[in-house]
Number of protein chains: 2
Amino acid sequence: MNWYTEQWSDDCKFSLRYNKELHSEQTPFQKIDFYEGEEFGTFFTLDGLMMVNEKDEFIYHDMITHPAFATNPDIKKVLVIGGGDGGTAREVLRYPNVEKVVMAEIDERVFRLCQEYLPVTAKGVEEDPRMELRFEDGLAYVKNAPDASFDLILVDSTDPISVGEGLFTTAFYKECFRVLNDKGILINQHESPYFAEYAENMKKAHRKIRDIFPITNVYQYHMPTYPSGHWLFGFASKAFDPLKDLKAAEWEKFGLETKYYNTDLHKGAFALPSYVKEALLSDE
Amino acid sequence: MNWYTEQWSDDCKFSLRYNKELHSEQTPFQKIDFYEGEEFGTFFTLDGLMMVNEKDEFIYHDMITHPAFATNPDIKKVLVIGGGDGGTAREVLRYPNVEKVVMAEIDERVFRLCQEYLPVTAKGVEEDPRMELRFEDGLAYVKNAPDASFDLILVDSTDPISVGEGLFTTAFYKECFRVLNDKGILINQHESPYFAEYAENMKKAHRKIRDIFPITNVYQYHMPTYPSGHWLFGFASKAFDPLKDLKAAEWEKFGLETKYYNTDLHKGAFALPSYVKEALLSDE
């Protein structure tokens with residue numbers, strides 16, 4: 001039996017069984033490995049960290065996308081940073097109001113390999129006429145983008161090591177603020193509160209974002225194949241509060257079927273455990 | 001390096017590092033193993049399944065106890081079924097209103113070993129004058145208990161295999177209904193929605209309980225060392241709705257410091273993902 005094993009902390013590891021490795025490649029940016037198994041279907045890792053698998057990708061992609069649209073159902077222009085598997089763009093493209101989606105993914109190989117091995121997330125994305133695929137550094141892209149040109153930015157990044165590092169910096173968040181219009185929302189991959197290393201990244205990201213955006217919240221979801229299963233997104237905005245401005249009835253009218261997200265869960269997701277709230281408020 | 005490994009499904013396993021095994025024993029009921037490590041402190045398993053560790057026991061014990069008390073702050077008589085580590089009783093005993101706590105734990109060795117190796121959960125429980133410790137089968141205990149004799153029953157059990165099996169039966173839930181008074185609340189360990197085997201147990205338990213109690217809800221929490229980290233409790237009641245009847249301000253007056261639970265999270269915990277709601281409603 002073959003096991004893919006990920007170290008979640010010095011004292012904790014997580015393993016998934018696979019039948020065969022489909023592909024392995026070192027790109028200029030990172031190591032990409034694709035595996036095929038039974039329960040988790042096809043999955044891939046970047047630098048040895050689980051990114052996407054067929055069993056629970058719906059959770060991550062529901063939660064990065066729908067809370068912003070239920071807060072502002074009028075979103076038309078979306079920038080996805082990272083998200084090379086295509087799943088985030090797939091969810092965004094389900095909204096008929098959306099006119100334009102730019103996806104800035106630094107590593108084209110991730111997207112091409114997902115087109116080949118993981119159609120559940122990548123299929124149809126490139127073909128959508130609203131899509132602009134750009135294989136370039138997300139930080140460079142936002143630096144060059146005009147002011148107030150997006151309603152929504154979704155930062156679908158790896159952890160703040162190697163290729164994802166620039167997407168956890170104050171410089172990056174400031175550029176995001178600038179390119180968002182006055183109703184703009186920033187959703188960012190916000191790490192996790194449980195294991196010390198991830199919790200540090202969570203705290204750092206929150207400190208940086210709350211210095212820039214007037215409205216900053218963090219919401220949680222259950223993502224079993226990510227370290228500890230307790231994972232977060234940040235919701236930062238210039239105008240909208242994700243709870244007070246939730247437009248549940250309007251969102252229902254889109255008629256989107258979602259396996260994880262619903263508007264009650266939207267409200268619940270922002271109610272964090274006390275130890276997480278305390279960590280986010282801390283200034284260490 | 002020593003690793004304790006638990007199979008979460010055929011294709012998924014979870015491992016914790018430990019420095020030494022403190023104790024191993026086969027009782028008439030189950031195999032008990034105690035380990036000592038760095039990150040997770042002391043932990044123990046029953047029949048090879050993680051029960052309690054020092055890193056995240058606070059999550060489980062907060063969530064099994066406080067939602068019921070925030071819904072009915074007047075709870076005076078409590079029955080804990082199982083809960084041999086003492087952590088559930090420890091939390092219940094923090095409420096000054098509580099007059100009597102019966103703990104019916106089938107396996108005295110679990111409690112005695114926790115007194116020795118896991119004082120964080122067991123210390124002080126036996127000494128509290130409100131406590132009645134009974135080392136007997138929980139199902140037999142409720143069968144013999146008088147009608148309407150408790151305000152709250154907390155079923156702090158293992159999975160429905162071997163020793164925990166009787167605590168997932170219609171016969172048991174019916175006896176719970178009978179021994180609860182007309183304001184009674186039943187909280188039960190309700191398994192998990194993610195891995196197939198656990199999801200089956202979740203569905204079965206819910207079907208049985210909703211045939212007996214007029215008000216039945218399920219709430220979720222993040223428990224990283226249990227399979228998938230997405231874990232549930234059932235909240236069944238004769239009179240109280242955990243959302244409509246939440247008495248947040250009254251609960252705050254107790255002044256209890258809690259690392260996981262808070263009354264916003266209370267509300268959020270009942271907002272389940274769509275796939276979980278669907279599974280709970282299904283009649284298969």
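## Strands S12 and S13 of chain B

In this predicted model, B:Asn217 stands opposite B:Phe235 in S13(B). S12(B) and strand S13 (residues 230–237) of chain B pair in the antiparallel sense over eight bridges, where pairing requires that DSSP finds at least two bridges between two strands, and where strands (E, at least two residues) and helices (H or I, at least four) are DSSP runs numbered from the N terminus.

## The sheet and the helix across it

The open sheet has seven strands in the order S9-S8-S7-S10-S11-S13-S12 (chain B), with mixed pairing. Its edge strands, each pairing on one side only, are S9 (131–134) and S12 (215–222) of chain B. Neighbouring strands are turned against each other by 15 degrees on average, direction ignored.

Helix H7 (residues 196–210) of chain B lies across S11 (180–189), S12 and S13 of chain B and runs at about 150 degrees to S12(B); axes are lines fitted to C-alpha atoms, for helices over the stretch in contact, with angles from 0 to 180 degrees between N-to-C directions.

## B:Leu232

B:Leu232, in strand S13 of chain B, is buried with a relative accessible area of 0% (buried is under 20%, exposed over 50%, partly exposed in between, with a 1.4 Å probe and protein chains only). Beyond its neighbours within four places in sequence, its contacts (heavy atoms within 4.5 Å) include B:Met202, B:Val218, B:Tyr219 and B:Leu272.

## Basis

Residues are numbered from 1 along each chain as its sequence is written, and chains are lettered from A and ligands numbered from 1 in the order written. Local features need pLDDT of at least 70 and side-chain atom pairs count only at pLDDT 80 or more, while totals for chains, interfaces and linings use all residues; side-chain values use heavy atoms, leaving out hydrogens and water.
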